[in-house]
Amino acid sequence: MPPILEIKALRKSYRDGFEALKAVDLSIEQGEILALLGPNGAGKTTLISTVCGITNATSGSVTVGGHDIISGFRQARAITGLVPQEINLEPFETVISTVRFSRGLFGKPRNDAEIERILRQLSLWDKRNTQIRALSGGMKRRVLIAKALSHEPRLLFLDEPTAGVDVELRKDMWEIVKALKADGVTIVLTTHYIEEAEAIADRIGVIAKGELLLIEDKDDLMARMGRKQLDVQLSAPLDAVPEALAGYGLVRADDGRTLTYSYDTRAERTGITKLLQDVAAAGLVLRDVVTRQSSLEDIFVDLVHDDKDNTQ
């Protein structure tokens with residue numbers, strides 16, 4: 001099955017020479033959830049805006065469902081939904097009229113059953129006759145998603161969909177995204193929340209300064225770049241790491257009571273057994289030993305940091 005979205009050598013530059021996108025290549029399969037991570041100004045929104053026809057690319061090509069976004073704009077846009085960052089809704093319109101109107105903009109015939117299905121899926125059916133101005137921020141974001149789904153797109157872009165909502169609402173949004181995937185919708189999600197990507201994405205993309213640094217299966221990324229840490233907690237504080245333990249690259253905590261050892265779980269030997277033997281031989285008394293798996297956030301920070309180093 002061909003990819004639902006194919007981006008090749010996509011560039012976006014401005015008259016002052018600033019490059020918002022630098023030869024981005026990206027292929028997204030039907031039915032997957034891709035989380036695109038990056039700091040402010042990384043190019044996430046520019047990439048989405050270009051695919052959706054809001055911004056014109058300087059060069060490169062984009063196809064959605066096999067349709068070029070320039071020569072086949074109407075066909076490409078008809079199967080693409082966009083939930084923008086900003087909440088921009090007509091405050092005096094009701095929920096149901098807002099969603100119906102969006103469906104009509106795409107030339108779709110009226111389908112009350114489909115609109116009801118979408119509103120029920122997003123827990124908006126009971127609010128269908130409520131004016132937008134009376135809704136909470138979280139409910140307004142659900143309306144944005146309903147608008148984007150009203151014309152039955154196959155590809156949905158969610159640009160920071162949980163920005164500004166509390167933790168409980170954010171988790172509700174995660175369940176909504178999972179339900180959309182179950183309905184066969186392909187989702188591209190931009191987010192600042194690392195835990196969001198870990199919770200719902202199939203693949204992770206990291207973008208910084210307009211460059212796509214990587215695109216990889218989430219589990220493979222964690223296995224390939226993740227690392228574990230062993231915290232050796234001591235009964236008494238140390239002023240410095242003993243010379244006998246210098247070869248382990250231990251990091252001493254500020255209070256001197258914990259020594260942290262980083263190791264690769266894929267290696268044949270982790271070195272933990274020898275480390276603990278040497279700790280005992282150095283006369284140190286253990287209070288506890290704790291292991292920690294590095295998170296996607298650690299990986300993301302390392303990638304962006306490495307990219308900064310390479311550009312200096």
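Me: How much space lies in the largest cavity?
Reply: This is a predicted model, where local features need pLDDT of at least 70 and side-chain atom pairs count only at pLDDT 80 or more, while totals for chains, interfaces and linings use all residues. A cavity here is a set of points, on a 1 Å grid over the protein atoms alone, where a 1.4 Å probe fits but cannot get out. Points are joined across faces, edges and corners, and the volume is the space filled by probe spheres set on them. For the largest cavity, that space is about 40 Å³.

Me: Which element gives the most to the lining of the largest cavity?
Reply: Residues are numbered from 1 along each chain as its sequence is written, and side-chain values use heavy atoms, without hydrogens and water. Lining residues, those with an atom within 4 Å of a point, include Leu 5, Leu 47 and Phe 157. Helices (H or I, at least four residues) and strands (E, at least two) are DSSP runs numbered from the N terminus, and β1 (5–13) and α1 (44–51) each supply at least two lining residues. With three residues, the top contributor is α1.

Me: How many charged residues does the lining of the second largest cavity have?
Reply: This cavity holds about 30 Å³ of space, and α6 (167–182) provides the largest share of its lining, three residues. Among the lining residues are Thr 162, Trp 174 and Glu 196. Ala, Val, Leu, Ile, Met, Phe, Trp, Tyr, Cys and Pro count as nonpolar, Asp, Glu, Lys and Arg as charged, and the others, Gly among them, as polar. The lining has six nonpolar residues and one polar, and its number of charged residues is one.

Methods. 1 Å grid on protein atoms, 1.4 Å probe; cavity = no way out; pocket = protein on both sides within 12 Å on 5 of 7 lines; lining within 4 Å.
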